[in-house]
Amino acid sequence: MRLDDDYFADFRAGMRARRDRLCAGLADVGLGVVVPDGTYFATTDIRPLGFEDGLDFCLRLPELAGVVAVPHQVFHDPDTPLEDNPGRPYVRWAFCKRPEVIDEAVRRLGSLRV
């Protein structure tokens, strides 16, 4: 932690820019976006794309669009019946990526628009 304050200010600004870039792109694709305040992940509701199950969506996503996401339902009680799992229609996307990777992922996700 011997780095000066400018390093951390620049890091924070860079992550904020990546977050905003990804969230705007996901919204443009048609996903309902929950913009985070403090994490490397943005959460989206996948139902606007015609999907109900985040786990199924995430398992199919590499083939459908060549990108990956994490289903929220894996963070909930595994004994909860699937239809009652509050995380079921949500997935999270990492934005700690290079801007060009974010742009390409959003471009690919655009093919899923309904």
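What share of the contacts in the chain with a separation of 6 or more comes from residues 24 or more positions apart? The share is 56%, where contact means heavy atoms within 4.5 Å. The structure is a predicted model, in which local features need pLDDT of at least 70, side-chain atom pairs count only at pLDDT 80 or more, and totals for chains, interfaces and linings use all residues. Residues are numbered from 1 along each chain as its sequence is written, and side-chain values use heavy atoms, without hydrogens and water.

The chain contains three helices and four strands. Both are DSSP runs, numbered from the N terminus: helices are H or I of at least four residues, strands E of at least two. Along the sequence the pattern is α-β-β-α-β-β-α. The C-alpha trace spans about 50 × 35 × 20 Å along its principal axes. Of the 114 residues, 33% are buried (under 20% relative accessible area, with exposed over 50% and partly exposed in between; 1.4 Å probe, protein chains only).

The four strands form an open sheet in the order β1-β2-β4-β3, with antiparallel pairing. Pairing requires at least two DSSP bridges between two strands. The edge strands, β1 (32–34) and β3 (70–71), each pair on one side only. Two bridges join β3 to β4 (residues 90–94). V70 has R92 of β4 as its bridge partner. Helix α2 (residues 54–65) packs on the sheet and touches β3 and β4. The direction of α2 makes about 40° with that of β4; axes are lines fitted to C-alpha atoms, for helices over the stretch in contact, and angles run from 0 to 180 degrees between N-to-C directions.

H72 lies in the loop between β3 and β4. H72 counts as buried because its relative accessibility is 19%. Beyond its neighbours within four places in sequence, H72 contacts T43, G87, Y90, V91 and R92.

Not counting residues up to four places away in sequence, L109 touches L26, V29, L61, A65, V67 and W93.
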